[in-house]
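Trainee: I would like to go through the terms used for this structure and see what stands behind each of them.

Mentor: Then ask, and we will set each value against its definition.

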Amino acid sequence: AAVIRRGDYQVPSYQVSEIALDVRLDPDNTEVHTRLQLHRIAPEPVAELYLDGESLELLDIQRDGQALAESAYRLTEGGLLLLNPPEAFILESRVRIHPRANTALSGLYHAGGQFLTQCEAEGFRRITYYLDRPDCLARFTVTLHAPQDGCPVLLANGNCMATGVEEGGWHWARWEDPYPKPAYLFAMVAGDLAVVRDRYRTASGREVALEIYVAERDTGACAQAMDSLKHAMRWDEEVYGREYDLNRYMIVATDSFNMGAMENKGLNIFNAKYVLASPETATDSDYQGIESVIAHEYFHNWTGNRVTLRDWFQLSLKEGLTVFRDQEFSADQNSRGVQRIGDVRRLRAAQFPEDAGPLAHPVRPDAYSEINNFYTATVYEKGAELVRMMHTLLGKVPFRKGMDLYFERHDGHAVTIEDFIAAMEDANQRDLSGFRRWYGQAGTPVLRATGSYDPARHSYTLTLHQETPATPGQPVKEAVPIPVRMALLNTQGQRVPLELAGGASETVLLLEQSEQSWNFANLPGPVIPSLLRGFSAPVRLQDPLDDDAHGFLARHDDDPFNRWESMQDLAVKALLAAVADSSVAPLPVTLRNAVAATLADRQVDPAFCAELLTLPGEDYIGEQMPVVAVEAIHRAREGMMRAIGSHFAKEWTDLYHDLAAAYQRDGLSIGRRRLRNLALGYLIAGEGSRREGTILYARQQYMQADNMTDRLAAFQLLVQHQHHDAEDVILDFYQRWHDYPLVIDKWFAIQAAAPHPKTLRQVEHLLVHPAFDWRVPNRVRAVLGAFAANPTVFHAADGSGYTFFAEQIRRLDDINPQTAARLATPLSRWQRYDAPRQQAMVAALKMLAGKPGLSRDLAEVIQRSHP
Ligand code: DPP
Ligand code: ZN
């Protein structure tokens, strides 16, 4: 497929000032009439003007009111070529499209009885012929026509200007968006939806109507979404001085959606997973997911919509920045330390492996063939880390000055990452040129720290060294600026004043060369360094500390992230030792003491305590090995769970009973539930194969829970530990919740994630279950996504997991290429496994590569995975 390169960017030769759409909605045959006002901006006449268009049936085309002569245009595979276009003209087209058959869920589609659109990145060209590129900003008017019965609600971006009825039981509505926007932010919705309303008064006193559109029976489950929206609106006013700019903010929830949500101007469309929640159906982490995604899409109104992208290579300009903003929002709403740990966990789980494999790409990529494949952890999560580093280096107030200048300069424009950095630099007279390398260079830098205390001089010397491994297409790497937030702790665990930081006890060192040293003089005595506090840079830190020092930091470091990190380090080292030698004790004494101290610490917030006591996942352990030892890792981790469970059985039992409480939704209660469910997990693990006592706790908790967090935690433990003996609960769960798609997704996912050999068979059954639906991405992800994240089953030594998985991806590719390509990425990690697994994974990739009618999306992932 054609490769699109960043260096080939050209300004468009024409612009659209106005676009008016008139759409007659029918699931099988929708007609779209489009009227474009085009004018040339290129200085000289051009021979041709290309309009994008895909899967469109052209019925009629006119220029300035006259049928367009056949010699004046040509239809191509991907669009329409206008030959010798005049300087300014009106182009009218009429096309037919087929929303029900659109299972790719890109463009206009019909699902669950509703008409919905998804236009990012390039879905608008599946609705009409257009300059479908983010630097083409136009004012949109759209008139929707639909049967009044099936589609009483007709929505689009902006303001509703007029409505009316027409013959045959149809009606119409006309919407106008006063803000010029790129086509990827266009949206329309039609269906039988109920609405939950609220109001918001902006800082300057304007009233905004807030509307969440859901199915009638879900109107009681929108409170978290609505509250989160109001909090996000207030936060953006307070922290960034940004107000909402239309009179109405609409959110529509659907079960059929490729992404989490979409920030269409004034009319967000959301995966229902990030809107609907009630205590009975949603877990605490579902609630948190809603808070952050609602905020994320809201924040896009300024970072993405008002200031948009010049081209898709700049995707992180809006996504990295907006993820940073939503992470900070969540940190302000909840516990900052726990939030940061969660964000880093996600970065390490998804982005680090991506950056270390064949799909590695810079935060600002250089080339793509299908842009949908670049909505990645690198563009989002690493992109957010790059913004965070600038925030760390500049400080809060200068960063805000930079943002103000960015908005002032670029409001209403389509800009680049370069423009963002320049605004930060110009507002603060700072040179951030090193960040351009961060954006352009793939791979995770390794930061090696060495240090020594000189008792004669009372000084500590710290040396930092950086090196970024080669990635595909980038054999040689340059040094990048790495901000290292740090402190030195004395033997009582207190931070000591640092001369080189003017006496402050915490500072940010900036490593710009490949190696630099710092000397900390006049110290009161020996010190232990606390480095990369708050995870101040997205790097792999190799610190100079031994287990005793980590054990010390795990108890005393006042930086929550580093305290957690020390605990993780101890666990990872012990696990790696057990993987290498199965006779090694599963719970070394340093770790045991750290666990004991954490369990005994009554001061610590329960949510943070749960983080400290959660062992690193199998994937993360595998990441630390040259070749992932699938079974040995699983055994070692189970062994450590069992050892911690049995050694501290009394503490876990006490915690389990002490933390029992009626359901409440405040932060403290959430933390207590989390810790209590962790305790239950350890108790069950600790009983080894007997499990008569504590499994009853889980059964009881499953039956009696007054909320989904507790019920699901028990359910998961039962499925995980009881194998076929859990069949009664599996059945019970289904019968209770079969009317709730989001809950049934969990039911599918937990079964597909069970770590035992029979899971493959079970998953085969799940795929033919009446509730399974290949057209619903949430459902497909629940089964195939969970399966591919199940280490011992997906990576079964006989290759059965890979073969089975590839067959399902092959099938999905005909239905929804975007989701198929996304789900297929675990196969790209083949180099990380032993030879027989490598062969089986490559064979699976080859089988997919030979598929007839392979999509551009999947083709690109396969090609890059195994060039
Ligand atoms: N909907 C996706 C997001 O908000 C793409 N813009 O991240
Ligand atoms: Zn986004």
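Trainee: In which loop does Asn 522 lie?

Mentor: Asn 522 lies in the loop between strand 29 (515-520) and strand 30 (528-531). The model is predicted, and local features need pLDDT of at least 70, side-chain atom pairs count only at pLDDT 80 or more, while totals for chains, interfaces and linings use all residues. Residues are numbered from 1 along each chain as its sequence is written, and chains are lettered from A and ligands numbered from 1 in the order in which they are written.

Trainee: Why is Asn 522 called exposed?

Mentor: Asn 522 has 11 other C-beta atoms within 10 Å. With C-beta atoms placed from the backbone, a residue is buried if 20 or more others lie within 10 Å of its own, exposed if 12 or fewer, and partly exposed in between. Asn 522 therefore counts as exposed.

Trainee: What is the phi of Asn 522?

Mentor: Phi of Asn 522 is positive, about 55°, although Asn 522 is not a glycine. Most residues other than glycine have a negative phi. Ser 55 also has a positive phi, near 55°, and lies in the loop between strand 4 (48-52) and strand 5 (57-63).

Trainee: Why is Ser 55 called partly exposed?

Mentor: Ser 55 has 15 other C-beta atoms within 10 Å, so it is partly exposed. Arg 74, in strand 7 (residues 73-76), is likewise partly exposed because its count within 10 Å is 13.

Trainee: Which residues does Arg 74 touch beyond four places in sequence?

Mentor: Arg 74 touches Leu 81 and Leu 83; contact requires C-beta atoms, placed from the backbone, within 7 Å.

Trainee: What makes Val 743 buried?

Mentor: Val 743 has 21 C-beta neighbours inside 10 Å, so it counts as buried. Val 743 belongs to helix 20. Beyond four places in sequence, Val 743 is in contact with Thr 281 and Trp 737. Its C-alpha atom is 7.5 Å from that of Ala 282, which is 461 residues away along the chain.

Trainee: Why is helix 1 called oblique to helix 2?

Mentor: Helix 1 (residues 223-240) and helix 2 (residues 284-299) pack at about 45°, with axes 8 Å apart. That angle makes helix 1 oblique to helix 2. Angles under 35 degrees count as roughly parallel, over 145 as roughly antiparallel, 65 to 115 as roughly perpendicular and the rest as oblique. Axes are lines fitted to C-alpha atoms, for helices over the stretch in contact, and angles run from 0 to 180 degrees between N-to-C directions.

Trainee: How do the residues of the contact of helix 1 with helix 2 divide, and what are the classes?

Mentor: The residues of that contact of helix 1 with helix 2 divide into 10 nonpolar, two polar and two charged. Ala, Val, Leu, Ile, Met, Phe, Trp, Tyr, Cys and Pro count as nonpolar, Asp, Glu, Lys and Arg as charged, and the others, Gly among them, as polar.

Trainee: Why are helix 18 and helix 20 called roughly parallel?

Mentor: Helix 18 (residues 708-722) and helix 20 (residues 741-752) pack at about 30°, with axes 9 Å apart. Helix 18 and helix 20 are therefore roughly parallel to each other. The contact is made by Leu 712, Phe 715, Gln 716 and Val 719 of helix 18 and Lys 746, Ile 750 and Gln 751 of helix 20.

Trainee: At what angle do helix 16 and helix 18 pack?

Mentor: Helix 16 (residues 667-686) and helix 18 pack at about 15°, with axes 10 Å apart. Helix 16 and helix 18 are therefore roughly parallel to each other.

Trainee: Which residues surround ligand 1?

Mentor: Ligand 1 is surrounded by Glu 120, Met 259, Ala 261, Met 262, Glu 263, His 296, Glu 297, His 300 and Glu 319; the criterion is a C-beta atom, placed from the backbone, within 6 Å. By class, the shell has three nonpolar, two polar and four charged residues.

How values were computed. Helices (H or I, at least four residues) and strands (E, at least two) are DSSP runs, numbered from the N terminus. Two residues are in contact if their C-beta atoms, placed from the backbone, lie within 7 Å.
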